[in-house]
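Biologist: Before we talk through this model, could you put the sequence and the coordinates on the screen? I would like to go through it by question and answer.

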Amino acid sequence: MTDAADLVLTNAEVHTLTEPDETAEAVAVRDGQIVRVGDAYEVDFLAGLDTEVVDCHGRTVLPGFIDAHTHMQQLGQYQVHADLSEADSPEHAVDLLASEAREDREWVLGFGWDESSWAEDRYLTKADLDSVSEERPVAAVRVDMHTAALNSVALERLRDEMPPEDVRTDDGKPTGVVVEDAIEPVWDAIDPDPAETRELLRAAQQHAVERGVTGVHDMVRQSHAPRAYRELEQAGELDIRVRINYWSDHLDAVEEVGLRTNHGSEKVETGAIKSFTDGSFGGRTAKLTEPYADDPDETGTWVVDPDELHDITKQADEAGLQLTVHAIGDEAITVTLDAFESTENPGEARHRVEHVELVTDEHIERFADSGIVASCQPNFLQWAGEEGLYQSRLGTERREQSNRFRDLLDAGVHLAFSSDVMPMDPLLGVDYAVNAPAESQRLTVTEALRAYTLGGAYAGFAEDRLGTIEVGKQADFTVLDDSPWEHEESIRDIDVAMTVVGGEVVYDGR
């Protein structure tokens, strides 16, 4: 007699997201793996007395979303501290900060503000944050995490540790705005201890599973997160799969302790070595070959200069470690591809360029020829409209040539989607990709969903066990209340009904 399943999802519209996408009515799971995909009668036959049978009432079942570039500690801070992503003005941001100014914390912190959507298009300043507190340090980190605003107390406390060129001034006086390396002392000052890190990761994990995320590639730097993840897993409290990408300043330590890409447990594994080239469009620090449209004297900043990037790439690649490098501007992408192509087999190593925003035809050809992964964030299209940030920073031509997902995919480039916590919401990202303003950016529903599932799995060497709904693969599912194919204009409004990881229901919002 056939062993009974542990879990059966039935009366559903199951999309396998294989090539081509196939549909079924039900799926059965045993010991965390998919054992049957087919019509309801066939699959329901595997239900026994102890089987958990979920009637999906026609809901859509997809492979679990994999957020291939995120920052879980920062996502947790959004939940625990002031979430400024909804602020519609500097005054609103200040009010949100003030409302979260708890007396049991030394710092008043807020995350996620974005001035590009405000009528008063300007950064938060020292004067704004001084109105929150003149006694306690206050910091508000912009959505891109490359720019922050500090009040006078915070600035006075940390100024000596900041590179002068990254501290913005007006008539020689600091405005409170700091960028790139000047933010590092802020991160050091607010660094949570192990107990708080676990609290932040629990909050981030809850946010993730509520949005159908079953796996994350977490960019970790100078954090207790690796320890916290393993402690949560040992305690049976880790509900998602975590791939840890360690910052390049940990490279020597990673080598010394013997960590290698893809080593680890079922839930926590070592991923890539993470590095930078440039900054962001929002901070005018993304490295461009031509000047910014709204600042003809500025072409961006090297966060890690090309020679240093080549050294990091050589060391990591020779140690058998995957690389994942932030590159937004066209010059930064060129330099990153140069570094990767200097290695023996960048495609086999699955080295990844993160963001890939201002990509040229030549870049696309190089991605396709080399097998290098393009790790992109479709939610960045929120700034790519005619009235958006990219219009002012880049001008019309370059704005329309940003985030060329269609062109990358058509060229055969490996495309992985993620959020970079701007915000973490895969269905929002899929909506942006499907309804993108330019044809070169626009994907079909199936293509966009596949980039957020199988694409992330491939970028993490896991396409043989994750990313599609097939017999033998791990049972990670996202169950949606409605079909994205039937609601193309409003995918972002679809609710996640259930999230399943390894055959265990980790979120039930029905």
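Modeller: A residue is called buried under 20% relative accessible area, exposed over 50% and partly exposed in between, using a 1.4 Å probe and protein chains only. This is a predicted model, in which local features need pLDDT of at least 70 and side-chain atom pairs count only at pLDDT 80 or more, whereas totals for chains, interfaces and linings use all residues. Residues are numbered from 1 along each chain as its sequence is written, and side-chain values use heavy atoms, with hydrogens and water left out.

Biologist: Which side chain makes a polar contact with the side chain of glutamate 357?

Modeller: Glutamate 357 sits in the loop between strand 19 (352-355) and helix 12 (361-370), where helices (H or I, at least four residues) and strands (E, at least two) are DSSP runs numbered from the N terminus. Glutamate 357 is buried and has no salt bridge, the nearest side chain of opposite charge being arginine 142, 9.4 Å away; a salt bridge needs a side-chain nitrogen of Lys or Arg within 4 Å of a carboxyl oxygen of Asp or Glu, and in assigning charge Lys and Arg count as positive and Asp and Glu as negative, with His and the chain ends not counted. A polar contact is a pair of N or O atoms within 3.5 Å; within protein, one must be able to donate a hydrogen and the other to accept it, and residues adjacent in sequence count only if both atoms are side-chain atoms. By that criterion the side chain of glutamate 357 has a polar contact, at 2.5 Å, with the side chain of tyrosine 390.

Biologist: With which residue does buried arginine 404 meet in a salt bridge?

Modeller: Side chains of opposite charge can pair when their charged atoms come close. The N to O distance is 2.9 Å, and the partner of arginine 404 is aspartate 407.

Biologist: What is the relative accessibility of arginine 399, which forms a salt bridge with glutamate 400?

Modeller: The closest N and O atoms of glutamate 400 and arginine 399 are 3.7 Å apart. Glutamate 400 counts as partly exposed because its relative accessibility is 37%, whereas arginine 399 counts as buried, at 6%.

Biologist: How many salt bridges does the structure hold?

Modeller: One of them joins the side chains of arginine 211 and glutamate 210 (3.6 Å, N to O), with arginine 211 partly exposed at 25% and glutamate 210 partly exposed at 32%. Elsewhere Asp114, Glu115, Arg142 and Asp144 are linked in a network of salt bridges. For the structure, the number of salt bridges is 35.

Biologist: Which element gives the largest share of the lining of the largest cavity?

Modeller: On a 1 Å grid over the protein atoms alone, a cavity is a set of points where a 1.4 Å probe fits but cannot get out, and lining residues have an atom within 4 Å of a point; a volume is the space filled by probe spheres set on the points, which are joined across faces, edges and corners. The largest cavity has a volume of about 200 Å³, and of its 25 lining residues Ile66, Gly215, Arg241, Ala462 and Leu466 lie nearest its centre. At least two lining residues each come from strand 15, strand 16 (241-247), strand 17 and helix 18 (454-459). The largest share, 4 residues, is that of strand 15.

Biologist: How many of the residues of helix 16 are buried?

Modeller: The buried residues of helix 16 include Pro426, Asp431 and Tyr432. Helix 16 (residues 426-434) is largely enclosed by the rest of the structure, because the buried residues number 9 of the 9.

Definitions and conventions. 1 Å grid on protein atoms, 1.4 Å probe; cavity = no way out; pocket = protein on both sides within 12 Å on 5 of 7 lines; lining within 4 Å.
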